[in-house]
Amino acid sequence: MKHSEHQDPFEKARRETGHSEIDDQNDPVTMVLRHKDVRKCAHAWSTFSSEDKPGRIVVPSEVGIRTDRQIPFEVDPPNHGDYRSLVEPWFKRPLESDYQDKLKAQISQLVDDVSQLDSIEAVNAFSLRLQSRALTLLFNVPYEESEIFVSWGTHVFRSEDDPLDSGKAQALYHYIDDKIAEAEKAPGKDLISMLLSAEFQGRKLTKDEIKGVIILTFAGGRDTVINMVTNTLAYLADNPKALTRLREEPEIHNKAIEELIRYFSPLTHMGRVAKKDTEVCGKPIAEDSRISLCWASANRDEKVFENPNEVVLDRKINPHVSFGFGQHNCLGATHARQIMHILLRVLVEKVEKIEHINQKDHVEHWGEFDRKVGYHSIELKFHPR
Amino acid sequence: MAKITFITSDNESVTLEGQSGSVMELAVSNGVKGIDGDCGGVCSCATCHVHVAENDVAKAGEASEIEADMLELEDNVTEASRLCCQMEISDALDGITLTVAR
Ligand code: HEM
Ligand code: FES
């Protein structure tokens, strides 16, 4: 097995029953595994709701560690749509050329810097930095803020040994409180200032609502982007021909990006709460119990994808669900995709080859399944062109 | 080459001329409102949903199974729905009218 491979642990269960039960703090979850069912359940928001006790749709459940509602993530229609249209234009800013120029400058600098070093541990020295710096563009705050984001490390939301330890998140909560207070006194052109002045259903947003949006922007785009970037580097180190091909065929970059994101599925699954007795794949689901939509399994469904376990860089039709499906599809996808576009462009321009030295996989455990989602660490050497 | 007319949700109509690529790319590069093309045309986002005018359905052709499955769960879907990233520009499309679905 190549070291950049991500095997599909769900295949057997997906074929045989289409679901699997996992326990989670005595609030069990039925994982939904087939592409068709995942999309159907994501679409059926009135049966499978995102709006329950804050933290309950996350697996493992965060009910015990937070009471704040993340917005628009933990809200159902019709309120969801009103929140969403409030923030949507802001999250499309990565399509502007000024944003892209700044992102390109950031990533070029980072690649130049690491190319001078003998080797790097890429999770911390590359992906965390890239993610933190790019986030200053999404928030529209000074570049220097990224030093604070970097200093929180890769585990600001959950400590590595105990996913339910909320202690680490305190630094983030204090930071957000301070920033809201600052923006109230002296409004700027950042996301918090925009939210402070925004109208929602004929009123201003409350501070808790603003916090709910900001925390989500930090949390939703942290591990996912770090894994997406690290996994891409690992793939290119393992497949030098792919880097050459991407250099020679810039026209396939878009397809390659969607394919890498399908293959890696940086977010494994996300939960929902049943609002009535129902069933999935013939399995009864009782009212008030939980299911999860397993994007990672759906993305390897052999009924939809030919050669699902291969990275086909120019895969033409690719209805992956890595960014979710339906109402709650990823708000940060435009930013994430732009990072990938620019990363590939900079790498093919500046890097001849990436050398793999060693790695420690990050494997998640979900009931009967062990799934590699990324790396705890990976040592790489960049050879400049 | 094909001339393609888009009608947007505010009832504006714009006719564009395309040489190659997909209808979605033509719409996005000309800023047609309501066609975002988020996934770049790989049939994963449905932000390129259009309704083909009644008389043009034959010209536009049929959706593939994967495209049809995607459309099935879209709001505002009709018999004439297509994801226009899956429509390649060619002479065959000349003169068609597409109403943007959102
Ligand atoms: C490759 C990177 C990313 C992946 C794979 C990813 C994946 C996802 C998925 C699967 C969902 C759907 C959740 C659900 O249905 O309950 C989602 C929602 C969301 N994501 Fe991302 N995400 C990524 C990056 C980001 C970034 C960079 C941000 C922001 C900085 C972000 C913010 C959000 C938000 C706010 C939502 C909730 C949207 C809503 O409820 O309407 N994500 N993401
Ligand atoms: S552009 Fe994404 S489905 Fe057509």
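1. Ground rules. This is a predicted model, in which local features need pLDDT of at least 70 and side-chain atom pairs count only at pLDDT 80 or more, while totals for chains, interfaces and linings use all residues. Residues are numbered from 1 along each chain as its sequence is written, chains are lettered from A and ligands numbered from 1 in the order in which they are written, and side-chain values use heavy atoms, with hydrogens and water left out.

2. Who sits around ligand 1? The shell holds 28 residues, and His80(A), Arg84(A), Arg272(A), His328(A) and Cys330(A) come nearest. Being near here means having a heavy atom within 4 Å of the molecule. By class, the shell has 14 nonpolar, twelve polar and two charged residues.

3. A polar side-chain atom of His328(A) is 2.6 Å from an oxygen atom of ligand 1. For His80(A), an N or O atom of the side chain is 2.7 Å from a ligand 1 oxygen, and Arg84(A) has a side-chain N or O atom 2.7 Å from an oxygen of ligand 1 too. The elements giving two or more residues to the shell are α3, α9 (207-220), α10 (223-238), β7 (270-274) and α14 (333-350) of chain A. Helices (H or I, at least four residues) and strands (E, at least two) are DSSP runs, numbered from the N terminus.

4. Is Arg84(A) buried or exposed? It is buried, at a relative accessible area of 10%. The cut-offs are under 20% for buried, over 50% for exposed and partly exposed in between, with a 1.4 Å probe and protein chains only. Beyond its neighbours within four places in sequence, Arg84(A) is in contact (heavy atoms within 4.5 Å) with Pro72(A), Gln327(A), His328(A), Asn329(A), Cys330(A) and Leu331(A).

5. Cavities. How many cavities of 30 Å³ or more does the whole structure have? The search finds two. A cavity is a set of points, on a 1 Å grid over the protein atoms alone, where a 1.4 Å probe fits but cannot get out, and lining residues have an atom within 4 Å of a point. Grid points are joined across faces, edges and corners, and a volume is the space filled by probe spheres set on the points. The largest cavity is about 40 Å³; its lining divides into four nonpolar, two polar and three charged residues, including Asp8(A), Arg300(A) and Arg371(A).

6. The other cavity. The second largest cavity has a volume of about 30 Å³, and its lining has eight nonpolar, no polar and no charged residues. Helix α3(A) gives the largest share of that lining, three residues. Among the lining residues are Pro72(A), Tyr83(A), Leu86(A) and Val87(A).

7. Cis peptides. The bond from Val59(A) to Pro60(A) is cis, with omega near -5°.

8. Positive phi in chain B. Asn11(B) has phi near 65° without being a glycine; it lies in the loop between β1 (2-7) and β2 (13-18) of chain B and counts as exposed at 67% relative accessibility. Ala46(B), also not a glycine, has phi of about 60°. That alanine is in the loop between α1 (23-29) and β3 (49-52) of chain B, and is buried at 2% relative accessible area.

9. Asp314(A). This residue is in the loop between α13 and α14 of chain A and is partly exposed at 34% relative accessibility. Leaving out residues up to four places away in sequence, Asp314(A) touches Arg245(A), Ile252(A) and Lys255(A). Its side chain makes a polar contact with the side chain of Arg245(A), at 3.0 Å. A polar contact is a pair of N or O atoms within 3.5 Å; within protein, one must be able to donate a hydrogen and the other to accept it, and residues adjacent in sequence count only if both atoms are side-chain atoms.

How values were computed: On a 1 Å grid over the protein atoms alone, a cavity is a set of points where a 1.4 Å probe fits but cannot get out, and a pocket is an open set with protein on both sides within 12 Å along at least five of seven lines; lining residues have an atom within 4 Å of a point. Ala, Val, Leu, Ile, Met, Phe, Trp, Tyr, Cys and Pro count as nonpolar, Asp, Glu, Lys and Arg as charged, and the others, Gly among them, as polar.
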